[in-house]
Amino acid sequence: MAAATASTKIVAVVVAVLLAILEMPSCAVARRHHHDHHDKPGHHDGGFPAVMTVNGFEKGEDGGGPAACDGHYHSDGELIVALSTEWFAGGRRCHRRIRITPSEHGHRGGGGGRRAVEATVVDECDSRRGCKDDVVDSSPAVWRALGLDTDSGEVRVTWSDV
């Protein structure tokens, strides 16, 4: 009887493993479809419309823990950003540069023109933990480079991969 129970457990494990293997291609296709159709700025006429917010990337600031891309804290003087979960793309944009351009309408940040700045993706703004889906969470250095006032809290931007 113990042998029958052991073989039943082995069969159950083998079946579970086979099902997991058979499901993998469909997951890969779903990820590829999602990436191909929703993760490309060209699909959005020149970039992704977003809301840029201010984030602290140094230890002890409200940005949370170390950056998802490298497990380190970063200086707020660096041109760096955290992207919403979908745009972070499971880490595919880690250490890649993006170009951020303030929108013509939506300059509540005071000053600034239509100049653009390039920043490096170092972190995820986790949409499953309260971050909105359209956020570019940027360091104070990004705001300064765009001539914007961080006290405004948020500004509409468009961003694209460099």
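**View 1. Ring pairs join Phe 48, Trp 87 and Trp 159 into a cluster.** The model is predicted. The structure contains 3 aromatic pairs. In the pair of Phe 48 and Trp 87, the ring centres are 5.2 Å apart. Phe 48 and Trp 87 are both buried.

**View 2. Trp 87 and Trp 159 form an edge-to-face pair.** Their ring centres lie 5.3 Å apart, with the planes at 70 degrees. Planes over 60 degrees apart count as edge-to-face, so the pair falls in that class. The pair links helix α2, which holds Trp 87, to strand β6, which holds Trp 159. Trp 87 has a relative accessible area of 6% and is buried. Trp 159 is buried too, at 0%.

**View 3. The largest nonpolar core has 22 residues.** Met 52, Val 81, Leu 83, Ile 100, Val 136 and Trp 159 have the most contacts inside this core. Elements that each supply at least two of its residues include β1 (48-54), β3 (97-102), β4 (117-125) and α3 (140-145). A second, separate core has 8 residues. Among them are Phe 57, Ala 67, Cys 125 and Cys 131.

**View 4. Contacts of Val 136.** Residues up to four places away in sequence are not counted. Val 136 touches Ala 50, Val 51, Met 52 and Thr 53, among others. Its contacts also include Val 81, Ala 82 and Leu 83. Ile 98 and Ile 100 touch Val 136 as well. So do Trp 87 and Trp 159.

Note on methods. Residues numbered from 1 in each chain as written. Predicted model: local features only at pLDDT ≥ 70, side-chain atom pairs only at ≥ 80, totals over all residues. Heavy atoms only, no water. Core = buried A, V, L, I, M, F, W, Y, C linked by side-chain atoms within 4.5 Å. Buried < 20%, exposed > 50% of the residue type's maximum accessible area, 1.4 Å probe, protein only. Helix = DSSP H or I, 4+ residues; strand = E, 2+ residues; numbered from the N terminus. Contact = heavy atoms within 4.5 Å. Phe/Tyr/Trp six-rings, centres within 6.5 Å; stacked < 30°, edge-to-face > 60°.
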